[in-house]
Amino acid sequence: EQLVLPRIHQLNSQDISNILWAYATVGHSSPRLFRQIGESILPRVHTFNAQGIANTVWAYAKAGCHAHTLFEAIAEIPMS
């Protein structure tokens, strides 16, 4: 968390979805990390590919973190 949050704006969509996936997979609870990442990616969530979106949503669900605004933005993304 201490390494990720200061660099969050430098990370690409795959980096972010992989970090969230890793935290959720090992069961490491970090509400602050999930909240700040959610706020950070909101303006650019449309750049995530389908796998990145799936991993991100899964990680939030697995970690028990609620990100209604992020999920609403994801729901608006046209999938092709």
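Reply: Of the protein's 80 residues, 38% count as buried (under 20% relative accessible area, with a 1.4 Å probe and protein chains only; over 50% is exposed, and in between is partly exposed). This is a predicted model: local features need pLDDT of at least 70, side-chain atom pairs count only at pLDDT 80 or more, and totals for chains, interfaces and linings use all residues. Numbering starts from 1 along each chain as its sequence is written, and side-chain values use heavy atoms, leaving out hydrogens and water.

The protein has 4 helices and 0 strands (DSSP runs, numbered from the N terminus: helices are H or I with at least four residues, strands are E with at least two). The order from the N terminus is α-α-α-α. The radius of gyration, 11 Å, is close to the 12 Å of the globule rule for 80 residues, so the protein is as compact as a globular protein of that length (C-alpha atoms; the rule is 2.2 Å times the number of residues to the power 0.38).

Now the part: helix H2, residues 31–41. Which of its residues are buried? They are Leu33, Phe34, Ile37, Gly38, Ser40 and Ile41. Their arc around the axis is only 165°, which puts them on the same side of H2 (the arc is that of directions from the helix axis to the C-beta atoms). An α-helix has 3.6 residues a turn, so residues three or four places apart point the same way.

What do the buried residues of H2 pack against? Their partners are helix H1 (13–26), helix H3 (50–63) and helix H4 (68–75). Contact means heavy atoms within 4.5 Å. Across the protein, residues 24 or more positions apart account for 69% of the contacts with a separation of 6 or more.
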